[in-house]
Amino acid sequence: MVQFIYLFSKVSGCSIVPSSALFQKELTSKKRDEFEDILEERRLSSDLRYAMKCYTPVIYKGLSPCKPNAIKSVVLQSEQVQYVIKQLAKEMGESPDIIQEEAMEILDEMGHSMQLGTVRFFAFTLSKIFKQLFQRVCVNEEGMQRLQHAIREHPVVLLPSHRSYVDFLMLSYLLYTYDLALPVIAAGIDFLGMKIVGELLRRAGAFFMRRSFGGNRLYWAVFAEYVKTMLRNGYAPIEFFLEGTRSRTAKTLTPKFGLLSIVMEPFFKREVFDTYLVPISISYERILEESLYAYELLGVPKPKESTSGLLKARRILSDNFGTIHIYVGQPVSLRTLASGRINLCPYNLVPRHLPQKPTEDIQEFVSDVAYKMELLQIENMVLSPWVLVAAVLLQNLPAMDFELLIEKTVWLKGLTQTFGGFIEWPGMH
């Protein structure tokens, strides 16, 4: 440990490219100055007062909030769902009422039931937990201002990177802190198996999707219409993870296209003028699940989510997980991305409620957008010195001289900054 402290004290402030040293310093300082530690105020004031604050979030074009049950009713009575119900009833020889009851059961299993009381409970509890676990939670102020403006103007889809279960909790906590509308979050059905916790998550804005439902036409129709109804009407930002599951290696996973395709459809069918996609980069100094990931990478099966497992994990509260950086990226206009590339005329030739298989052009466009959003996430990740040290060591196994480690780490730091990377470096605050 003494050697590593010596390493950082020796290399902080050094530059590997003298001709661009001034540029690098300005670039790094500018990016770092954009971040604000939201836990600083929490350490100086009452968490109870914070949780019970007057919460008046910015909403979409002055829209009145809609109760969760009203959203379910709109989905169930929609032309899209009713069409599929009638088709299935005819094919199966069943009464449409029976199919409709099944659709209602799917909605009850799936739908969120956000309640302000539960949101306040999480605000209080997470404040206590985050202050215990993390030294700082740093957020770029400009990004939050851009997001505030975007939520007013168009439906918003939040696309955070996914390294930990903390991701979706932290994002909702952040939006509550800045008095923005809380997102409705796509979560795996596995969470419903967690007693109490599953229901709390539902009341905090989570809606639940089965891991696989490709062959279930009714489930697909209900799920897709539920997401599109919330998006079309701007009831709340939609949040989901392009990667689908958490990355165990801190490397971005190949994106999944299903949900992204669903949130794009209202724009393709001209049901909304535009949709904003917001890439969000969440960078950890240490991930809470690091030990669990290590076992999984060694071949130990992933344990099933459970309340008892969560309670056993409380021992991590005595550990220090360093700093989190959250960078809210520039909202990306779907209309701008599609301009000159996607021909929307074919959607005008078919009634909106009829299911349409995406054309090859649309599928390619969805794929390109998914990868673009992931690249924007990667671009705004914040690297710690330990990442650079680990990268150097992995390239020089089984061992290397300590002075050489210093030299190569400094070189990698300079190279990263030259290419515009974010580095959280000691002594550069």
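Analyst: This is a predicted model. Its largest cavity has a volume of about 170 Å³. In total, the structure holds three cavities of 30 Å³ or more.

User: How many residues line the largest cavity, and which lie nearest its centre?

Analyst: The lining is made of 15 residues. Those nearest the centre are F122, L126, L169, S172 and A204.

User: Which helix gives the most to this lining?

Analyst: That is α10, with five residues. Both α8 (116-133) and α10 (166-177) supply at least two residues each.

User: What classes of residue does the lining of the largest cavity have?

Analyst: There are 13 nonpolar and two polar residues, and no charged ones.

User: Next, cysteines. How many disulfides does the structure hold?

Analyst: A disulfide is a covalent bond that links the sulfur atoms of two cysteines. This structure holds zero disulfides.

User: Is C54 buried or exposed? And C138, buried or exposed?

Analyst: Residues under 20% relative accessible area count as buried, and those over 50% as exposed. C54 has a relative accessible area of 63%, so C54 is exposed. C138 has 3%, so C138 is buried. Across the protein, buried residues make up 48% of the 429 residues.

User: What does the secondary structure of the protein come to, and how compact is the protein?

Analyst: The protein has 20 helices and 11 strands. Its radius of gyration is 23 Å, close to the 22 Å that the globule rule gives for 429 residues, so the protein is as compact as a globular protein of that length. Its C-alpha atoms fill a box of roughly 75 × 50 × 45 Å along the principal axes.

Key:
Residues are numbered from 1 along each chain as its sequence is written. This is a predicted model: local features need pLDDT of at least 70, side-chain atom pairs count only at pLDDT 80 or more; totals for chains, interfaces and linings use all residues. Side-chain values use heavy atoms; hydrogens and water are left out. On a 1 Å grid over the protein atoms alone, a cavity is a set of points where a 1.4 Å probe fits but cannot get out, and a pocket is an open set with protein on both sides within 12 Å along at least five of seven lines; lining residues have an atom within 4 Å of a point. Grid points are joined across faces, edges and corners, and a volume is the space filled by probe spheres set on the points. Helices (H or I, at least four residues) and strands (E, at least two) are DSSP runs, numbered from the N terminus. Ala, Val, Leu, Ile, Met, Phe, Trp, Tyr, Cys and Pro count as nonpolar, Asp, Glu, Lys and Arg as charged, and the others, Gly among them, as polar. A disulfide is a pair of cysteine sulfur atoms within 2.5 Å. Buried means under 20% relative accessible area, exposed over 50%, partly exposed in between (1.4 Å probe, protein chains only). The radius of gyration is taken over C-alpha atoms; the globule rule is 2.2 Å times the number of residues to the power 0.38.
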